[in-house]
Amino acid sequence: MGVKGKEQSGGDDAPDTGRRGRGRPQLRSDEETRAVIYDAARQEFAARGFAAANIADVACRAGVSTKTLYRLVPNKMALFEAMVTDRMDWFVSKVNLGACDGRDIEAALQAALLACADLVLDGDVIAMQRIILAESDKFPAVAEMFYEKAMRRSVSSLAAWLGIQQKRGRIVLDDAESAAGMLLGMLVFQPQRDVWYGHRPLPQHDELEARAKKCAALFLWGCAVRSDQVTKRSEGP
């Protein structure tokens with residue numbers, strides 16, 4: 001049964017099996033329903049772009065009614081922004097945990113970079129970026145929102161991670177924000193470009209792990225704390 005049929009039958013997220021009793025418990029929480037909707041929206045926007053994406057089709061992918069979707073998300077722009085924010089919240093929490101778990105700097109940086117690669121080199125994300133660029137003239141607000149909420153936030157999160165390591169005396173940097181941009185570019189630019197232009201398929205997880213390991217080693221070699229700096233720090237001003 002389609003979305004329209006669900007709404008006409010009076011159900012929200014499941015077929016009506018008879019008259020509802022008063023106070024019937026909700027099958028899942030709003031938080032869980034939002035997660036399902038955001039996943040469906042990511043697929044819909046990646047496949048069709050912002051202009052052609054349809055709220056009813058997102059609801060159908062998610063297995064909910066349009067009534068439920070509109071109760072939780074008021075419009076398509078809000079859905080797109082909420083979907084991006086939800087994905088970035090997951091990424092930021094993963095990177096932040098990596099900064100606080102006490103592992104050695106190289107292993108911790110590898111984990112942080114792997115989280116970055118998993119985010120940026122996701123198939124739906126790459127497809128969405130292609131479409132956003134193609135539609136940026138018609139929908140500049142969408143492109144700007146994606147840039148600020150996704151691209152800038154990923155760099156800022158990595159910069160914050162590097163800043164923590166610098167405060168702990170593990171690395172030396174002049175500008176953590178610039179260093180994060182360079183590091184992220186070294187990690188994802190080439191494989192992302194190869195996928196965009198159809199030269200290679202999406203990297204497998206083991207390939208991303210290997211690339212994260214190499215990038216971490218190269219980066220740390222360049223910003224390692226030298227012995228003379230350790231001596232100066234221990235001697236004080």
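Predicted model: local features only at pLDDT ≥ 70, side-chain atom pairs only at ≥ 80, totals over all residues.
Leaving aside neighbours within four places in sequence, Ala62 is in contact with Arg28, Val36, Ile37 and Ala40. Its C-alpha atom is separated by 7.7 Å from that of Asp39, a residue 23 positions away along the chain.

## Overall architecture

The protein is built from 11 helices and 0 strands, so that the order of elements from the N terminus on reads α-α-α-α-α-α-α-α-α-α-α. Of its 237 residues, 38% count as buried. Among contacts with a separation of 6 or more, 73% are accounted for by residues 24 or more positions apart.

## The largest nonpolar core

The largest nonpolar core has 64 residues, and the members that touch the most other members are Phe45, Leu79, Phe80, Leu113, Leu162, Leu187 and Phe219. Helix α6, residues 105-120, contributes the largest share of this core, namely 11 residues.

## The packing of α6 against α8

The axes of α6 and helix α8, the latter spanning residues 140-167, come within 11 Å and cross at roughly 175°. Because angles over 145 degrees count as roughly antiparallel, α6 is roughly antiparallel to α8. By class, the contact between α6 and α8 has 9 nonpolar residues, 2 polar residues and no charged residues.

On the α6 side, this contact is made by Ile105, Ala108, Leu109, Ala112, Leu113, Cys116 and Leu119, which meet Ser154, Leu158, Trp161 and Gln165 in α8.

Ser154, which lies in helix α8, counts as buried because its relative accessibility is 5%. Apart from neighbours within four places in sequence, Ser154 is in contact with Met88, Phe91, Leu119 and Leu184, and Leu119 is one of the α6 residues that take part in the contact with α8. Ser154 and Val95 are 59 residues apart in sequence, and their C-alpha atoms are 9.7 Å apart in space.

Cys223 is placed in helix α10, residues 205-223, and counts as buried at 6% relative accessibility. Not counting residues up to four places away in sequence, Cys223 touches Ile171, Val172 and Leu173.

## Salt bridges

Side chains of opposite charge can pair when their charged atoms come close. In this model the count comes to 9 salt bridges. One of them joins the side chains of Arg71 and Asp30, with an N to O distance of 3.1 Å. This pair links distant parts of the chain, given that Arg71 is in helix α4 (residues 66-72) and Asp30 in helix α2 (residues 30-52), 41 residues apart. Arg71 counts as partly exposed at 48% relative accessibility, and Asp30 counts as partly exposed at 24%.

A salt bridge between Arg200 and Glu207 has its closest N and O atoms 2.9 Å apart. Arg200 is partly exposed, with a relative accessible area of 46%, and Glu207 counts as partly exposed at 32% relative accessibility. Elsewhere, salt bridges that share partners join Glu44, Arg48, Asp57 and Arg61 into one network.

Technical notes
Residues numbered from 1 in each chain as written. Heavy atoms only, no water. Core = buried A, V, L, I, M, F, W, Y, C linked by side-chain atoms within 4.5 Å. Buried < 20%, exposed > 50% of the residue type's maximum accessible area, 1.4 Å probe, protein only. Helix = DSSP H or I, 4+ residues; strand = E, 2+ residues; numbered from the N terminus. Axes fitted to C-alpha atoms, helices over the stretch in contact; angles between N-to-C directions. Parallel < 35°, antiparallel > 145°, perpendicular 65-115°, else oblique. Contact = heavy atoms within 4.5 Å. Nonpolar A, V, L, I, M, F, W, Y, C, P; charged D, E, K, R; others polar. Salt bridge = Lys/Arg side-chain N within 4 Å of Asp/Glu carboxyl O.
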